[in-house]
Amino acid sequence: MGLLKTFTAAATVLAIAGMASAEPVKVGMITTLSGGGAGLGIDVRDGFMLAVAQSGNSDIEVVIEDDQRKPEVAVQLADEMIQSEKVDVLTGIIWSNLAMAVVPAATAQNVFYLSPNAGPSALAGQGCHKNYFNVAWQNDNLHEAAGAYANSANYANSFIMAPNYPAGQDALTGYKRFYEGGLAGEVYTQLGQKDYASEIAQIRASGADSVYFFLPGGMGIAFMKQYAQSGVDIPLLGPAFSFDQGILQAVGEAALGVRNTSQWNKDLDNPANAAFVENFQAEYGRLPSLYASQGFDTANLLLSAMAAADVSDADAFRAALEAANFDSVRGDFAFGPNHHPIQNIYVREVIKEGDVFTNQIIATGLTNHSDAYAADCKM
C-alpha cells in the first residue's frame with residue numbers, strides 16, 4: 001500500500017512519523033473488523049488512518065481492536081484501553097447497542113469519545129456528556145430526511161421496517177417525525193436477520209405505496225436481494241446505510257433507481273471532498289463509503305483539536321473540539337449544543353457508472369438540520 005501500513009483484526013499500534021506537537025495523544029479505536037458488518041468498521045478505520053497518515057503528525061498513536069459486534073467484547077476492550085493503554089480518546093464504534101455499553105462509562109472516566117457512526121438518541125438528550133462528540137449524525141437524522149422526502153414524493157401509506165435495537169428504534173421514530181402519511185405496517189426485525197420472506201409477505205399484503213427500511217450491512221444486502229426476487233413492485237426508500245458504496249456492489253441491479261438519504265456523497269462539490277475521494281481510491285483501490293468519510297472527518301476533527309490545545313488540558317481540548325476547525329468532506333460542519341452535527345442531508349439516487357454501482361445527489365432533503373434531542377441536553 002502507499003501511505004499506510006497493513007492492518008490486522010488483532011491489536012495494532014501505529015505511530016505515524018512527521019511533525020511534533022506539544023502533547024502526544026493516544027487513541028483507542030474499537031470497531032467491527034470481523035463477521036457481519038465488518039465492512040463498515042473497515043471503512044471507518046481506513047478513512048481515519050488515511051487522515052492520520054496525510055497529517056504527518058508523529059504525536060498521535062492509534063490502538064485498533066475488533067469488537068466482533070459484541071457489546072461484552074467492546075466493554076472489555078474499552079476497559080483495557082482506558083486502564084492499561086491509558087488512551088486519551090476512544091472512537092470507532094459502529095453499532096448503537098455497543099455505543100450504549102461503552103460511551104457512558106468511558107466519558108465518566110474523563111476520556112473523550114468521538115463517534116464516527118453510532119448516534120443513539122439516549123446520548124443526544126438527557127444522556128449527553130461534555131466529553132462525547134458525534135461526528136456522523138444523531139441516529140434519527142437521515143430517517144427524518146427520508147420522511148420529508150416521502151411527503152414530497154406523495155407517498156401516503158408507507159410500510160416501515162428496521163432491526164429491533166437502539167438505532168432501529170431511532171430510525172423509525174425519525175421517519176415518523178417528518179412523514180405525514182399513514183402506515184401500512186411497522187415491523188421490527190431481529191438484529192443480524194438474514195431471511196426476510198415473512199416480512200416481504202407482509203409488505204405484499206399491506207396495500208403500501210412505499211417501503212421504508214433501515215437494514216445496515218449484510219441485513220440490507222439480504223433483504224434487497226430477496227425483495228428483488230419476490231416480484232413485489234412497491235417503491236423502496238431508505239437511508240444511506242442500506243445503499244452505501246460497499247453494499248451496492250453486493251446488491252447490484254436490484255438497487256438501481258432507489259432513493260436514499262445521506263449527509264455525504266462522493267459528488268459533493270468542495271475541495272476537501274474531491275481530494276478525499278481521489279486519495280482514498282488511490283490508497284485502497286475502491287471508492288470511499290459514507291463510513292469512510294465519517295472516519296476521515298473524525299480523525300481531522302481530532303487533529304484540529306491537537307493543533308490548538310494539549311489533551312492534558314481537558315477544558316481547552318474540549319473547546320478545540322467544539323470549534324470543529326477543520327475542512328469537512330461534507331462542506332460546512334458545526335456542532336450543536338449537544339455535540340451532534342448541524343448539517344445538510346441530501347437525497348441520493350442509486351446509479352451505475354460503468355461497471356460500478358454508486359449514488360448521485362438529486363436534492364437537498366434538509367438544510368442545516370440538527371436533532372430533536374438537543375434541547376434535553378444539559379451540559
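How do the residues of the lining of the largest cavity divide into nonpolar, polar and charged? Before the answer, some ground rules are needed. The model is a predicted one, in which local features need pLDDT of at least 70 and side-chain atom pairs count only at pLDDT 80 or more, while totals for chains, interfaces and linings use all residues. Residues are numbered from 1 along each chain as its sequence is written, and side-chain values use heavy atoms, with hydrogens and water left out.

The domain assignment, which is automatic or comes from a database, gives domain 1 (6-137 + 267-335) and domain 2 (141-262 + 345-376). Their C-alpha centres lie 26 Å apart, and 19 residues of domain 1 are in contact (heavy atoms within 4.5 Å) with 25 residues of domain 2.

A cavity is found on a 1 Å grid over the protein atoms alone, as a set of points where a 1.4 Å probe fits but cannot get out, and its lining residues have an atom within 4 Å of a point. A volume is the space filled by probe spheres set on the points, which are joined across faces, edges and corners. The whole structure holds 2 cavities of 30 Å³ or more, and the largest has a volume of about 120 Å³. Of the 15 residues that line this largest cavity, Asn-117, Tyr-165, Ala-167, Phe-214 and Phe-241 are the closest to its centre. The lining divides into 11 nonpolar, 4 polar and no charged residues, where Ala, Val, Leu, Ile, Met, Phe, Trp, Tyr, Cys and Pro count as nonpolar, Asp, Glu, Lys and Arg as charged, and the others, Gly among them, as polar.

Among the residues that line the second largest cavity are Asp-244, Lys-266 and Arg-348.

A pocket, by contrast, is an open set of points with protein on both sides within 12 Å along at least five of seven lines. The largest pocket has a volume of about 320 Å³ and is lined by 19 residues, of which Gly-39, Asp-43, Gln-245, Gly-246 and Ile-247 lie nearest its centre. By class, the lining of the largest pocket has 7 nonpolar, 9 polar and 3 charged residues, and at least three of its residues come from each of domain 1 and domain 2.
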